[in-house]
Amino acid sequence: MYYNFTVDIPVAKGKVCRQTAKSGTYILYIKGRRYDKDKKHTIPDRLPIGKLNHENPQKMYPNDAFFEYFPDAVLPEISAAERSLITANAACRKEANESAAKPVAQAEPAAQAETKQPSFLASEYPASAPKKAGFHIIPVPLERTVSYGGGTRLGPAHILEASQQLEAWDGISAPGELGIYTHPAINCDQDLSGVFADTEKAVLEACSCNAIPVVLGGEHTVSYAPVHALAQAGKTFGILHFDAHCDLRDSYEGDRFSHACVLRRIVEDCHCPLVQFATRDYCREEAAFRQKAGITGYDASTISNQGLPARPLPASFPEDVYITFDVDGFDCSLMPATGTPSPGGLFWYQAMQILTFCLKGRRIIGFDVVELAPIPGLHHADFTAAKLVHTLMGMAQRSMK
């Protein structure tokens with residue numbers, strides 16, 4: 001059901017806009033940098049706050065962010081119970097977000113005891129100084145162009161929290177023995193160019209320490225920064241991409257750096273060979289570009305019905321590999337906590353077998369895990385994402401030998 005709405009919003013910059021979503025409805029979102037009425041925190045650019053009825057744009061259905069930022073908005077027809085439910089969900093997200101966004105002291109980057117952001121796997125290992133760590137964990141809580149379910153800004157914090165429940169030994173090795181440094185979360189309240197610049201700087205710092213950069217998203221757009229940084233540093237590598245979507249659109253909802261376009265930008269700007277796994281939801285434009293660009297793709301249906309060929313990667317594929325893993329590459333029964341959960345995806349051991357198969361004789365130089373959108377009270381999805389990060393760290397450790 002949609003509700004009539006009247007919103008009196010104090011404006012710093014920008015305006016409330018409507019934009020057609022891929023479902024055919026409208027998304028009500030905030031365009032520009034704005035503040036809440038008490039000016040306690042910024043409102044992220046292009047924050048989705050509800051769906052509008054496409055037949056009557058004066059009616060909307062709010063999401064949890066709506067009442068978080070506009071508690072005094074008038075929705076005459078909404079029931080008190082439903083408003084309370086949405087508001088409670090917003091409160092859960094806000095509490096987690098505030099704990100993740102706590103500023104980190106810059107005086108001593110190795111000592112992270114004063115911040116509420118835990119180091120990855122701090123339950124098993126003390127935080128390492130940057131130069132003594134084999135892995136640099138880089139949280140990038142970006143939520144800018146989500147087009148369905150929201151919450152990716154909370155993904156990194158929930159992965160870090162869930163990592164405290166992991167075992168140090170992954171069943172084969174203990175990657176944390178190389179040392180883990182968890183970088184302060186990248187500031188995502190700035191323009192996208194600033195988010196990219198800060199992320200690239202953190203990635204290059206990891207490389208200067210001979211560490212493997214591990215980026216935690218955030219929406220998939222964040223993957224552009226580490227790949228671009230490594231390419232600009234002169235490294236030659238290929239990309240293994242796990243995702244329900246190809247992310248090969250040239251533009252989506254008027255934005256060339258939408259989460260739906262990130263692999264297109266990477267291919268065109270960084271010129272890295274790309275192989276995609278578990279794709280199952282994409283448009284004709286993406287299928288045509290994948291063929292034109294010579295991108296190897298294994299759709300989820302192909303993997304399920306036929307498996308992979310004896311040599312899934314092209315003969316010319318580089319020995320060095322970067323992995324970008326959108327958690328919606330998993331089947332939605334395993335990973336419901338993502339913006340676009342989709343049936344027909346990979347299960348855990350399918351994904352592990354593909355990774356093990358493709359990484360034989362190759363070396364991981366970096367990776368990211370993106371698009372976790374935590375659901376309050378649903379622990380298994382957060383833990384699955386944290387375990388994926390740790391498992392990839394173990395594969396990276398073993399690929400060094």
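Predicted model: local features only at pLDDT ≥ 70, side-chain atom pairs only at ≥ 80, totals over all residues.
Visitor: Where does Gly218 lie?

Guide: Gly218 is in the loop between β10 (212–217) and α5 (224–232). Residues are numbered from 1 along each chain as its sequence is written, and side-chain values use heavy atoms, with hydrogens and water left out.

Visitor: Which residues does the cis peptide bond join? And which residue has a positive phi although it is not a glycine?

Guide: As a rule, most residues other than glycine have a negative phi, and most peptide bonds are trans. Here, Gly217 and Gly218 are joined by a cis bond with omega of about 20°. Asp247 is one non-glycine with a positive phi, at about 55°, and Glu253 also has a positive phi of about 55°. Asp247 is in the loop between β11 and α6, and that loop holds Glu253 too. Asp247 counts as buried, with 5% relative accessibility. Buried is under 20% relative accessible area, exposed is over 50%, and partly exposed lies in between (1.4 Å probe, protein chains only).

Visitor: What is the average pLDDT of the protein?

Guide: pLDDT is the predictor's confidence in each residue, from 0 to 100. The protein averages 83, and 71% of its residues score at least 70. Residues 1–41 stay under 50, and the model has 138 contacts for them beyond four places in sequence. A contact is a pair of heavy atoms within 4.5 Å. Over residues 104–115, pLDDT is again below 50, and that stretch has 13 contacts in the model beyond near neighbours in sequence.

Visitor: How many helices and strands are there?

Guide: The protein has 10 helices and 15 strands. Of its 401 residues, 57% count as buried.

Visitor: Which residues touch the most other members of the largest nonpolar core?

Guide: In soluble globular proteins, nonpolar side chains tend to be buried together. A nonpolar core is a set of buried Ala, Val, Leu, Ile, Met, Phe, Trp, Tyr and Cys residues joined through side-chain atoms within 4.5 Å. The largest one has 53 residues, with Phe120, Leu240, Phe277 and Ile323 touching the most other members. Helix α10 (residues 379–399) gives the most to this core, with nine residues. Click on Ile323 and look past residues up to four places away in sequence: among its contacts are Leu240, Phe242, Leu355 and Leu392. There's also a second, separate core of 33 residues, which includes Leu142, Cys188, Phe237 and Leu248.

Visitor: Which residues of α7 are buried?

Guide: Glu286, Phe289 and Arg290 are the buried residues of this helix (residues 284–292). Seen down the axis of α7, they fall within an arc of 100°, so they line one face of the helix. That arc is taken from the directions from the helix axis to the C-beta atoms. Arg284, Gln291 and Lys292 are exposed on the other side. The cover over the buried residues includes α6 (262–270), β12 (274–279) and β13 (296–299). Just after α7, Gly294 has a positive phi of about 70°.

Visitor: How many salt bridges does a search of the whole structure find?

Guide: Side chains of opposite charge can pair when their charged atoms come close. The cut-off is a side-chain nitrogen of Lys or Arg within 4 Å of a carboxyl oxygen of Asp or Glu. The search finds 11. One pairs Arg290 with Asp299 at 3.0 Å, N to O, and both residues are buried. Another joins Arg144 to Asp255, with the closest N and O atoms 2.8 Å apart. Those two are 111 residues apart, Arg144 in the loop between β8 (135–140) and α3 (155–162), Asp255 in the loop between β11 (238–242) and α6. Arg144 is buried at 15% relative accessibility, and Asp255 is buried at 9%.

Visitor: What about Asp250 and Arg264, how far apart are the closest N and O atoms?

Guide: They are 3.9 Å apart in that salt bridge. Asp250 is partly exposed at 26%, whereas Arg264 is buried at 12%. Salt bridges with shared partners join Asp250, Arg256, Arg264, Arg265, Glu268 and Glu285 into one network.

How values were computed. Helix = DSSP H or I, 4+ residues; strand = E, 2+ residues; numbered from the N terminus.
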